[in-house]
Amino acid sequence: MPVARPTAALMLASLLLAPLAARAATVDLALVFAVDVSESVDAEEYELQHEGIARAFESQPLLDAIKGGAHGAIDVLVLEWSDPEKQVVTVDWMRVSDKASAADFTAKLRASKRSSSGLTAIGNALLAAQAAFRLLPDKAARQVVDVSGDGIANIGPPPQAVRDEMVAAGITINGLAILKTEPWLSSYYDQYVVGGPGGFLVQVEDFASFAQAMQQKLLAEVAAARRERHAATLQPQMQ
């Protein structure tokens, strides 16, 4: 009995469709870390911010929360920002689903070097984060930007205008306000930066407490993604 063999056309179609299948993979959360590297952030504070993110991804509670999601994975990207023209992706999109992939992410984060120093252009940072989502490799159930900083915007487009545009597009913006030099910063972030479904603000009194605050915030964000996914499955389908 003759054996059917794939034609050249079928083989070509399979090769063309393979990347599409890869892009169809879904994650529970796509998260951009927008990290302040303006002049007010000194070298030690810069390291504390990076270590705070890294240590959070080394914590078992966060890894357990990620694994417990509907898809058991999130996508993460690190964006540093200061002046309007200084927004740099220092760690591009990475999929984190287990201890090994989390270790890969933290290794790249710790190996990255400070990209700039300048004024505080929060609006431009948000625009850069919005652009990063257009290059997201996976389909995410939820898109979130984590803005961490120690000062109000003093240049660039108004953060609230950019925030409102992003919220309208379904993106949530959370804030981590470091109150070391500007004790009123939490009120500013709450009014002009934070927004979107489930958006929230975490206050940090100083850079030394950044790591613990980051872990708590990430746990809340992963939990929010799980809740939204669960709620979506409970919605009655329209006939």
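This is a predicted model: local features need pLDDT of at least 70, side-chain atom pairs count only at pLDDT 80 or more; totals for chains, interfaces and linings use all residues.
Q: Is serine 115 buried, partly exposed or exposed?
A: Serine 115 has a relative accessibility of 30%, so it counts as partly exposed. The cut-offs here are under 20% for buried and over 50% for exposed.

Q: And which residues is serine 115 in contact with, leaving aside its neighbours within four places in sequence?
A: Those are Val37, Glu80, Val88 and Thr90. With glutamate 80, the side chain of serine 115 makes a polar contact of 2.6 Å. As for valine 37, its C-alpha atom is separated from that of serine 115 by 7.8 Å, although the two residues are 78 apart along the chain.

Q: Let's switch to aromatics. How many aromatic pairs does a search of the whole structure find?
A: Six aromatic pairs turn up. One of them brings together tryptophan 93 and phenylalanine 133: the ring centres are 5.8 Å apart and the planes are at 40°, so this pair is tilted.

Q: Where do tryptophan 93 and phenylalanine 133 lie?
A: Tryptophan 93 is in strand 4 (residues 87-96) and phenylalanine 133 is in helix 5, so the pair ties together parts that are 40 residues apart in sequence. Both tryptophan 93 and phenylalanine 133 are buried.

Q: What about the rings of tyrosine 188 and tyrosine 189, how is that pair arranged?
A: That pair is edge-to-face, because the planes are at 65°, with the ring centres 6.4 Å apart. Tyrosine 188 counts as buried at 15% relative accessibility, and tyrosine 189 counts as buried at 0%.

Q: Which residues form an aromatic cluster?
A: Phe33, Phe57 and Phe105 form one. These three names come up again in the largest nonpolar core, which has 36 residues: Phe33, Ile53, Phe57, Val76 and Phe105 are the ones that touch the most other members.

Q: Which residues is isoleucine 53 in contact with, leaving aside neighbours within four places in sequence?
A: Isoleucine 53 is in contact with Phe33, Val35, Phe105, Leu109, Phe210 and Met214. There is also a second, separate core of 31 residues, which includes Leu79, Ala129, Ala140 and Val162.

Q: New topic: is glutamate 45 buried or exposed?
A: Glutamate 45 is buried, since its relative accessible area is 4% and the cut-off for buried is under 20%. This residue lies in helix 2 (residues 43-57).

Q: What does the side chain of glutamate 45 make a polar contact with?
A: The partner is the side chain of lysine 180, at 2.3 Å. Beyond neighbours within four places in sequence, glutamate 45 is in contact with Ser40, Lys180 and Phe207.

Q: Last one, helix 6. Which residues are buried there?
A: In helix 6 (residues 159-168), the buried residues are Pro159, Val162, Arg163 and Met166. Looking down the axis of helix 6, they fall within an arc of 100°, so they line one face of the helix.

Q: And what do the buried residues of helix 6 pack against?
A: They pack against helix 5, strand 6 (143-149), strand 7 (171-178) and helix 7 (185-192). Val162 is also among the members of the second core. After helix 6 comes glycine 170, which has a positive phi, near 90°.

Terms used. Residues are numbered from 1 along each chain as its sequence is written. Side-chain values use heavy atoms; hydrogens and water are left out. Buried means under 20% relative accessible area, exposed over 50%, partly exposed in between (1.4 Å probe, protein chains only). Contact means heavy atoms within 4.5 Å. A polar contact is a pair of N or O atoms within 3.5 Å; within protein, one must be able to donate a hydrogen and the other to accept it, and residues adjacent in sequence count only if both atoms are side-chain atoms. Rings of Phe, Tyr and Trp (its six-membered ring) pair if their centres lie within 6.5 Å; planes under 30 degrees apart count as stacked, over 60 as edge-to-face and the rest as tilted. Helices (H or I, at least four residues) and strands (E, at least two) are DSSP runs, numbered from the N terminus. A nonpolar core is a set of buried Ala, Val, Leu, Ile, Met, Phe, Trp, Tyr and Cys residues joined through side-chain atoms within 4.5 Å. The arc is that of the directions from the helix axis to the C-beta atoms.
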